[in-house]
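Thanks for coming, everyone. Let me put the structure on the screen, and then we can walk through it.

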Amino acid sequence: MSVKSTSVKPITARAPSFLQAVGAVVRKDLASEFRSRELLSAMFLFALLVILIFNFALELNARERGEITAGVLWVTFVFAGQLGLNRSMAIEKDRNCLDGLLLAPVDRSAIYFGKMLANLLFMLIVEAIVLPIYSILYNVNLFHPGLILVIILGSLGYVTIGTLLATMAVYARTRDILLPILLFPVVVPLLIAAVRASSAFLQNLSMEFVWPSLNLLIVFNLIFIAVSYMTFDFIVEE
Amino acid sequence: MIEVRKLIKRFGLKYVLRGLDFEVEQGEFVALIGPNGAGKTTFLRILSSLSRPSMGEVMLAGYRLPHQAAAVRSQLGVLSHQPLLYGDLSAEENLTFFGRMYAVSDLETRIGEVLELVGLKKRRRDLVRTFSRGMQQRLAIGRSVIHDPQILLLDEPYTGLDQDASSMLDDVLKAVTAEGRTVVMTSHDLARAADLASRFDILSRGVIAASALHADIPPDGLLAFYRRTINQEEEPALVS
């Protein structure tokens, strides 16, 4: 016997628009984080420790400092960002709030984009604080518009795939270990492109050296966004 | 309001629901009772679109799952033993967030009404992590009805509540269900189920093994009805 679709007249559904749902998730994450400061403070302290350790471990002259800056910066961003990604999804899972989110009458990719944008904002805030500190410690000028663009594109790609993989990892008991194991191999090509583009901007190379890496960054961002949009619903559903 | 036909849910080789049929009319309060592992929570997770059925047909409020899941979710309020609330947000901020996720119009007024209903108006600006278990569960009721849903799914809502908090939850549930909402509640607390529900369905071994209306069960007769059904269900297993 099949269910008769006419047996109950559908009740008119109310649901927010895609952008309203994305905005609600972002605002919720920002309000929660600015109250607890758990995530930002952990990311910032970790980033600070990494650049201090590199500063003391590598005794570099001015030329060498310029050459390794891009690598040190991206290692710092990636490890600090991974802390944030892990925590961001753990907050949803610890009190089972993820179920509360998934019960909302919205396209579930809106929840993904809300979480991803909040993670991106947190990462950019930490990067904005770390850059001047790095500039002072290493005596390198980092305020180059091209470098800022690369940092935004690289961070976007990183949190795009990172948020998706953090959602996968959050269901596992070993989520803290699982996320870096899943994430780092996937983001290696993105990181190589980000480091090369950053390095080219810092060494004031002409745009013909920058474009290949910049294009690669843009392509990776598009691929990661498309994959995440298409798969998030399947990842969160039992 | 809820129609389920031949519902099967399996995890790997393990069948949790084995061709379950279930129907609820608008305004009914159905208590779904059964032993641990009978599939009650799995069934409610499928009804709430958190889990996908392996086979079978599920319709709520005229919408079919899983294809019209978002429309179904707009008609559902879900309350479980976990409050699904954010500890670092205040009671008001939690309701504001969930209200936005359901596109509730005139949200500020609605939040006031809901906080009044669950008796937390004076604590509206306090962080949820400072609330007792009972207060969190009351706020969770507020979260589940903020969008005025037609169907309420309650999964063991009394777990971990003390006597005072339980009777407060009773009052709140009676208030929210008095308005003609359809309710399905799983519970191990037969006395409470007998007090609240208009129908009792016993879920055992992945199917509805028996069903009875409140009027057909004598006072204090629910336990006997439950035991009789479960024992009948278990006998073939003992023989085989």
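Start in chain B, with Pro66(B). Pro66(B) sits in the loop between β5 (63–65) and α2 (69–74) of chain B. Helices here are DSSP runs of H or I with at least four residues, strands are E runs of at least two, and both are numbered from the N terminus. The bond joining Leu65(B) to Pro66(B) is a cis peptide, with omega at about 0°.

A word on the ground rules. This is a predicted model: local features need pLDDT of at least 70, side-chain atom pairs count only at pLDDT 80 or more, and totals for chains, interfaces and linings use all residues. Residues are numbered from 1 along each chain as its sequence is written, chains are lettered from A and ligands numbered from 1 in the order in which they are written, and side-chain values use heavy atoms, leaving out hydrogens and water.

Next loop. Leu84(B) is found between β6 (76–80) and α3 of chain B. Its phi is near 55°, a positive value in a residue other than glycine. For background, most residues other than glycine have a negative phi, and most peptide bonds are trans.

Now the helices. How do α3(B) and α4(B) pack? Helix α3 (residues 91–101) of chain B and helix α4 (residues 107–117) of chain B make an angle of about 125°, and their axes are 10 Å apart. Axes are lines fitted to C-alpha atoms, for helices over the stretch in contact, and angles run from 0 to 180 degrees between N-to-C directions. Therefore α3(B) and α4(B) are oblique to each other. Oblique is what remains once angles under 35 degrees (roughly parallel), over 145 (roughly antiparallel) and 65 to 115 (roughly perpendicular) are set aside.

Who touches whom? On the α3(B) side, the residues include Leu95(B) and Gly99(B); on the α4(B) side, they include Ile111(B) and Val114(B). Contact means heavy atoms within 4.5 Å.

On to the interface. 41 residues of chain A are in contact with 44 residues of chain B. Two salt bridges cross the interface of chain A and chain B. The rule is a side-chain nitrogen of Lys or Arg within 4 Å of a carboxyl oxygen of Asp or Glu. Arg35(A) and Glu93(B) form a salt bridge, at 2.7 Å, N to O.

Over all chains, the count is 23 salt bridges. Inside chain A, Lys115(A) pairs with Glu92(A), with the closest N and O atoms 2.8 Å apart. Lys115(A) lies in helix α5 (residues 108–138) of chain A and Glu92(A) in helix α3 (residues 62–94) of chain A, so the pair ties together parts 23 residues apart in sequence.
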